Amino acid sequence: MKGHLKSMSTTKNVSIVFYKGTGTLAEKLIRMWTKSPFSHCEFRRSDGLYHSNDRFRFISRTQEMHLDQSDWEICDIFLPSEIVDRVERRQIRKNGSKYDWMGIVFSQVFRLGIHDKKRWFCSKSNADDLLYAYRLMKRIGKSEYRSFIDELSLIADIPIQNFSPEKLYQTVKKIAS
């Protein structure tokens, strides 16, 4: 977000963090397919916990993680506190959701846009969280949300199932700058 928004006392910092470490064979294949240094992403919540689909157990979860800073690219985003609180409550409801294999195959590999609306993969889930924040602020319609809405509108331009870690990184970098 722009500098003046970062200083608002009514904002919270969240981040989307992108994995660029050595990784597994599957992660190397993801990088090769997407032509990207990133194979996974996480939503770092305002409470310091991380939410995404576990890249080893393939289930949506919120958990504590200790990141090796050299293995992750961090993109900070500032949002209104009450919006972050609602996004984070919604993330808890996602916990336990299964992996969206259909979305991986038919949105990422074959790029047909087909996915399961109740299942997640990492970048789809993270994009969904930001899209939820965007839609929530638009629905509430407070004038002080205008700058945040404008910044997050980049997320609304792409169907969430079409976000790979690389595509999400490119979008979030524009939001976070």
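Reader: Which helix gives the largest share of the nonpolar patch?

Author: Helix α4 (residues 101-109) does, with 4 residues; helices are DSSP runs of H or I, at least four residues, numbered from the N terminus. This is a predicted model, where local features need pLDDT of at least 70 and side-chain atom pairs 80 or more, while totals for chains, interfaces and linings use all residues. Residues are numbered from 1 along each chain as its sequence is written, and side-chain values use heavy atoms, without hydrogens and water.

Reader: Which residues make the nonpolar surface patch?

Author: A patch joins residues with over 30% relative accessible area (Shrake-Rupley, 1.4 Å probe) and no salt bridge, nonpolar side chains within 5 Å. Here Trp-33, Met-102, Val-105, Phe-106, Val-109, Phe-110, Leu-112 and Ile-114 make about 710 Å². Leu-112 sits in the loop between α4 and α5 (122-140).

Reader: How many salt bridges are there?

Author: The rule is a Lys or Arg side-chain nitrogen within 4 Å of an Asp or Glu carboxyl oxygen, and the count is 16.

Reader: At what angle do α6 and α7 cross?

Author: Axes are lines fitted to C-alpha atoms over the stretch in contact, with angles from 0 to 180 degrees between N-to-C directions. Those of α6 (residues 146-156) and α7 (residues 165-176) come within 9 Å and cross at roughly 170 degrees. The two helices are therefore roughly antiparallel (over 145 degrees).

Methods
Angles under 35 degrees count as roughly parallel, over 145 as roughly antiparallel, 65 to 115 as roughly perpendicular and the rest as oblique. Patches are made of residues with over 30% relative accessible area and no salt bridge: like charges are joined within 9 Å, nonpolar side chains (Val, Leu, Ile, Met, Phe, Trp, Tyr) within 5 Å.
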